[in-house]
Amino acid sequence: MRIADVLRNKGAAVVTIDPDASVRDLLAGLAEHNIGAMVVVGPDGLQGVVSERDVVRELHAHGASMLARPVSTIMTSVVASCTKSDSVDDVSVLMTENRIRHVPVLEQGRLVGIVSIGDVVKTRIEELQAEQEQLQSYITQG
């Protein structure tokens, strides 16, 4: 299965945040949309990804004062990305090797979606269930 299939099933909407927005604004957006990360997009396009984990680490290191800082100071700026034509298995390996849970989907440098580890696991479970049903059907008909 390809990432395009995942986006077709889940939708391609991506919640983004400006790099100059405060961490407090980030937390409000994460809570509002019930998500674990946002893609940081500035005038020049994709600039990074910022997650709940980034916030927790900075909060631990710097205390509550970091809530007023801009998102750009805590985001991950070296971003692993994929395309719609990449396989779900390849993206799963990318996530595992880089220890990340969110991968922006880019086409010709433009943000067209985001895939989370939850999306990857859900897709794999659906594939396994379909295979199991096919095998059961084959066995009972054979």
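Which residues does Val-71 touch, not counting residues up to four places away in sequence? Val-71 touches Ile-17, Asp-18, Pro-19, Ala-21, Ser-22, Val-23, Leu-26, Val-40 and Val-50. A touch, or contact, means heavy atoms within 4.5 Å.

Some ground rules. This is a predicted model, where local features need pLDDT of at least 70, side-chain atom pairs count only at pLDDT 80 or more, and totals for chains, interfaces and linings use all residues. Residues are numbered from 1 along each chain as its sequence is written, and side-chain values use heavy atoms, with hydrogens and water left out.

How confident is the predictor? pLDDT is its confidence in each residue, from 0 to 100. The chain averages 93, and 99% of the residues score at least 70.

Now the layout. The chain has 5 helices and 5 strands. Here helices (H or I, at least four residues) and strands (E, at least two) are DSSP runs, numbered from the N terminus. From that end, the order is α-β-α-β-β-α-α-β-β-α. The C-alpha atoms fill a box of roughly 65 × 35 × 30 Å along the principal axes.

Back to Val-71. In the largest nonpolar core, of 14 residues, Val-71 is among those that touch the most other members, together with Ile-17, Leu-26, Val-50 and Ile-74. Helix 2 (23-33) and strand 2 (37-42) each give two or more residues to this core. Helix 2 gives the most, with 3 residues. Apart from this core lies another, of 12 residues, including Leu-7, Val-91, Val-112 and Val-120. A nonpolar core is a set of buried Ala, Val, Leu, Ile, Met, Phe, Trp, Tyr and Cys residues joined through side-chain atoms within 4.5 Å. Buried means under 20% relative accessible area, exposed over 50%, partly exposed in between, with a 1.4 Å probe and protein chains only. Buried residues make up 33% of the 142 in the chain.

Next, helix 5, residues 117-141. Helix 5 has 25 residues and reaches 36 Å from its first C-alpha to its last. That is close to the 36 Å expected at 1.5 Å a residue, where the expected span is 1.5 Å times one less than the number of residues. Its buried residues are Asp-119, Val-120, Thr-123 and Glu-127. They pack against helix 1 (3-10), helix 4 (88-98) and strand 5 (110-116).

Terms used. pLDDT is the predictor's confidence in each residue, from 0 to 100.
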